[in-house]
Amino acid sequence: MGKTRYDSKDATSIFAFSKGLLHKSLAEAIKIIAQTEEISMTEYKGKGGFGQLVEKFYFGYEPNSSPEPDFPEAGVELKTTP
């Protein structure tokens, strides 16, 4: 996704960056997320697919199923809601 626009060690920075998707429809959010990369939607279908898109293309890290927080240095777990 290019340069990270948040500090992964700072919960406030992560939260502020996440506000870029606030009050966006799914279609609007996908447009924001997909600005820099081609996304194959078939690999992100099903439960958790949107969250994986946000992790990979908006926050720029690989989705995983680790029990650790998504941002371990900040102690932050990323959650998406409709």
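Reader: Is Glu62 buried or exposed, and what is its relative accessible area?

Author: This is a predicted model, in which local features need pLDDT of at least 70 and side-chain atom pairs count only at pLDDT 80 or more, while totals for chains, interfaces and linings use all residues. Residues are numbered from 1 along each chain as its sequence is written, and side-chain values use heavy atoms, with hydrogens and water left out. Buried means under 20% relative accessible area, exposed means over 50%, and partly exposed lies in between, with a 1.4 Å probe and protein chains only. Glu62 falls in the exposed class, and its relative accessible area is 53%.

Reader: Which residue's side chain meets that of Glu62 in a salt bridge?

Author: Side chains of opposite charge can pair when their charged atoms come close. A salt bridge here is a side-chain nitrogen of Lys or Arg within 4 Å of a carboxyl oxygen of Asp or Glu. The partner counts as partly exposed, at 25% relative accessibility, and the N to O distance to Glu62 is 3.6 Å, which identifies the partner as Lys56.

Reader: How many salt bridges does the structure hold?

Author: Besides the pair of Lys56 and Glu62, the side chains of Glu77 and Lys79 meet in a salt bridge at 3.9 Å, N to O. For the structure, the number of salt bridges is 2.

Reader: How far from Asp70 is the nearest side chain of opposite charge?

Author: Lys and Arg are taken as positive and Asp and Glu as negative, while His and the chain ends are not counted. Asp70 lies in the segment after α3 (49-58), where helices are DSSP runs of H or I with at least four residues, strands are runs of E with at least two, and both are numbered from the N terminus. Asp70 is buried and has no salt bridge, and the nearest side chain of opposite charge is that of Lys79, at a distance of 6.3 Å.

Reader: Which residue's backbone nitrogen does the side chain of Asp70 reach?

Author: A polar contact is a pair of N or O atoms within 3.5 Å; within protein one must be able to donate a hydrogen and the other to accept it, and residues adjacent in sequence count only if both atoms are side-chain atoms. The side chain of Asp70 makes such a contact with the side chain of Tyr61, at 3.4 Å. At 2.8 Å, the side chain of Asp70 also reaches a backbone nitrogen, that of Leu78.

Reader: Within what arc do the buried residues of α2 fall, seen down its axis?

Author: Helix α2 spans residues 26-33, and its buried residues are Ala29, Ile30 and Ile33. The arc is that of the directions from the helix axis to the C-beta atoms. The buried residues line one face of α2, because they fall within an arc of 100°.

Reader: Against which element do the buried residues of α2 pack?

Author: The face turned away from the buried side of α2 carries exposed Ala27 and Lys31. Contact means heavy atoms within 4.5 Å, and the buried residues of α2 pack against α3.

Reader: How many of the 10 residues of α3 are buried?

Author: The buried residues of α3 include Gly49, Glu55 and Tyr58, and what covers them includes α1 and α2. The helix is mostly covered, and its count of buried residues is 7.

Reader: How far apart in space are Ser8 and Ala74, C-alpha to C-alpha?

Author: Ser8 sits in the segment before α1 and is partly exposed, at 30% relative accessible area. Leaving aside neighbours within four places in sequence, Ser8 is in contact with Ile14, Phe71, Glu73 and Ala74. Although Ser8 and Ala74 are 66 residues apart in sequence, their C-alpha separation is 6.7 Å.
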